[in-house]
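Trainee: Hey, could you walk me through this one? I've only just opened it.

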Amino acid sequence: MAHKKGVGSTRNGRDSISKRLGIKLFGGQIAKPGSIIIRQRGTKHHPKKNVFLGKDHTIHSLIDGKVFFEKKSKSKVKSYISVIPI
């Protein structure tokens, strides 16, 4: 039997909270003015028509309409986001 009480200190407990990044409205969905389309770190997705880029690289809608994603043929990494009025 052990002569000391087995009270170990844990080495866990340092996990950071998730930031809930990613696409919030997908292509074809309806966006209202000011609604968040994408939350991202850096500009993997770039704004095009009727959207604006926030200071934390979040893309918001400016008007009512459908979300539209596109990629340019030369750069396959970047995608561009627009909101088409309905």
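Mentor: Glu70 and Lys48 form a salt bridge through their side chains, 3.0 Å from N to O. That pair ties together distant parts of the chain: Glu70 sits in strand S7, Lys48 in the loop between S4 and S5, 22 residues apart. A salt bridge here is a side-chain nitrogen of Lys or Arg within 4 Å of a carboxyl oxygen of Asp or Glu. Bear in mind that this is a predicted model: local features need pLDDT of at least 70, side-chain atom pairs count only at pLDDT 80 or more, and totals for chains, interfaces and linings use all residues. Residues are numbered from 1 along each chain as its sequence is written, and side-chain values use heavy atoms, leaving out hydrogens and water.

Trainee: How many salt bridges are there by this rule?

Mentor: The count is 2. In the other entry, Arg39 pairs with Asp56, with the closest N and O atoms 3.9 Å apart. Arg39 is in strand S3 and Asp56 in the loop between S5 and strand S6 (59-61), 17 residues apart. Strands are DSSP runs of E, at least two residues, numbered from the N terminus.

Trainee: Is Arg39 buried, exposed or partly exposed?

Mentor: Arg39 is partly exposed, at 23% relative accessible area. Buried means under 20%, exposed over 50%, and partly exposed in between, using a 1.4 Å probe and protein chains only. Asp56 is partly exposed too, at 33%.

Trainee: New topic. In what order do the strands of the open sheet go?

Mentor: The 4 strands run S1-S3-S6-S5, with antiparallel pairing. S1 and strand S5 (51-53) are the edge strands, each pairing on one side only. Two strands pair if DSSP finds at least two bridges between them. S1 and strand S3 (residues 36-39) are joined by 2 bridges, and Ile23 stands opposite Ile38 in S3.
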